[in-house]
Amino acid sequence: MQTERLRRVPYEASAWSAAAKELVDARRAAPMFPAVRVCPLLGFLDKDRKQVGCLGHPLATGGTDLRDCGVYRSSVCETFTCPSFGWLTDGQARLVQAACADWYLYGLVITDVEYVRGCLRLLEWELGGPARPEQMVEQPAVLAAVRKLFALKETAPRRDPKAGVFGRFTKDTEGEPVPRMLDYMKLGVRASPEDDVVLCLGYTPDNATDLLASRELVRAHVKAVARAMASPR
Ligand code: SF4
């Protein structure tokens with residue numbers, strides 16, 4: 001919608017501000033976390049709709065900087081780096097880039113540092129040593145198994161879409177995102193290394209059976225990556 005709408009707008013700040021407001025007003029649902037701004041200038045940069053980026057950036061408009069018409073000032077957009085940029089290593093970020101099949105899954109995974117770190121931590125426990133993401137990207141079978149592991153963000157079954165959670169986060173009384181924890185006393189089970197990943201996938205288990213099933217799902221996918229790493233290339 002954003003790409004289509006802004007494609008027809010002349011590169012003038014007043015016209016872009018009006019279109020941006022129109023797009024925000026037309027949203028079918030309010031963002032889950034009001035503090036997290038969702039910019040109406042985000043869209044597809046290419047005809048094939050494979051690359052998502054800023055439609056108001058001078059490189060996208062042919063020179064005019066229209067980023068002031070988005071949710072931040074242009075100077076903020078120019079200098080901002082997201083937490084993943086600082087918290088993931090180069091190797092981890094490259095593995096996400098190589099393993100995620102498209103921009104949507106890439107967006108889900110690269111923004112969830114705890115998920116990426118949690119998956120690789122489980123893999124290292126399984127391997128009994130370092131995972132070395134830089135080498136993993138060179139091995140197609142390993143990359144295919146990592147893709148399935150990361151794709152759990154989209155494919156993991158039995159999650160409750162109405163649970164009001166986004167990955168690990170839920171809302172506090174002010175609508176701010178707060179990380180969720182599992183209530184092990186209530187569930188009657190001990191903590192397990194898979195639980196960080198289970199929470200990042202958006203599971204909200206309220207009984208031990210569901211929690212054990214979601215742990216098993218994660219474990220099976222991690223083991224598949226370890227098996228691919230152990231197989232001769
Ligand atoms: S760079 Fe700024 S203006 Fe462009 S999409 Fe991101 S937040 Fe919006």
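Between which two helices does the loop that holds Gly188 lie? Gly188 sits in the loop between helix H12 (184-187) and helix H13 (195-200). This is a predicted model, in which local features need pLDDT of at least 70, side-chain atom pairs count only at pLDDT 80 or more, and totals for chains, interfaces and linings use all residues. Residues are numbered from 1 along each chain as its sequence is written, and side-chain values use heavy atoms, with hydrogens and water left out. The protein chain has 14 helices and five strands; helices (H or I, at least four residues) and strands (E, at least two) are DSSP runs, numbered from the N terminus.

**Overall picture**

- The C-alpha trace of the protein chain spans about 55 × 45 × 25 Å along its principal axes.
- Of the 233 residues in the protein chain, 36% are buried. Buried means under 20% relative accessible area, exposed means over 50%, and partly exposed is in between (1.4 Å probe, protein chains only).

**The open sheet**

- Three strands form an open sheet in the order E3-E4-E5, with antiparallel pairing. Strand E3 (165-166) and strand E5 (177-179) stand at the edges with a single partner strand each, so one side of each has no neighbour in the sheet.
- Two strands pair if DSSP finds at least two bridges between them. Strand E3 and strand E4 (residues 169-171) run antiparallel and are joined by two bridges.
- Val165 stands opposite Thr170 in E4.
- Strands of a sheet pair through backbone hydrogen bonds, either parallel or antiparallel.

**The second largest pocket**

- The second largest pocket holds about 190 Å³ of space. On a 1 Å grid over the protein atoms alone, a pocket is an open set of points where a 1.4 Å probe fits, with protein on both sides within 12 Å along at least five of seven lines. Grid points are joined across faces, edges and corners, and a volume is the space filled by probe spheres set on the points.
- Lining residues have an atom within 4 Å of a point. For this pocket they are Thr3, Leu6, Arg7, Tyr11, Trp16, Phe44, Leu45, Leu55 and Ala60.
- Helix H1 (residues 2-7) gives the most to this lining, with three residues.
- The lining divides into seven nonpolar residues, one polar and one charged. Here Ala, Val, Leu, Ile, Met, Phe, Trp, Tyr, Cys and Pro count as nonpolar, Asp, Glu, Lys and Arg as charged, and the others, Gly among them, as polar.

**The ligand and its surroundings**

- The residues around the ligand are Cys39, Leu41, Leu42, Cys54, Arg67, Tyr72 and Cys77. A residue is near a molecule if one of its heavy atoms lies within 4 Å of it.
- This shell divides into six nonpolar residues, no polar and one charged.
- Cys39 is partly exposed, at 27% relative accessibility.
- Cys54 lies in strand E2 and is partly exposed, at 27% relative accessibility.

**Cysteines and disulfides**

- A disulfide is a pair of cysteine sulfur atoms within 2.5 Å, and by this rule the count is zero.
- Cys100 is in no disulfide, and the nearest cysteine sulfur, that of Cys119, is 10 Å away. Cys100 is buried, with a relative accessible area of 8%.

**Residues with positive phi**

- Most residues other than glycine have a negative phi.
- Arg49 has a positive phi, near 55 degrees. Arg49 is in the loop between strand E1 (42-44) and strand E2 (52-54), and is partly exposed at 39% relative accessibility.
- Arg132 also has a positive phi, near 55 degrees. Arg132 is in the loop between helix H8 (113-127) and helix H9 (133-136), and is partly exposed at 44% relative accessibility.

**Distances along the chain and in space**

- Gly188 is exposed, at 62% relative accessibility. The C-alpha atoms of Gly188 and Asn207, 19 residues apart along the chain, are separated by 8.2 Å.
- Arg117 lies in helix H8 and is partly exposed, at 29% relative accessibility. Arg117 and Asp196 are 79 residues apart in sequence and 9.5 Å apart in space, C-alpha to C-alpha.
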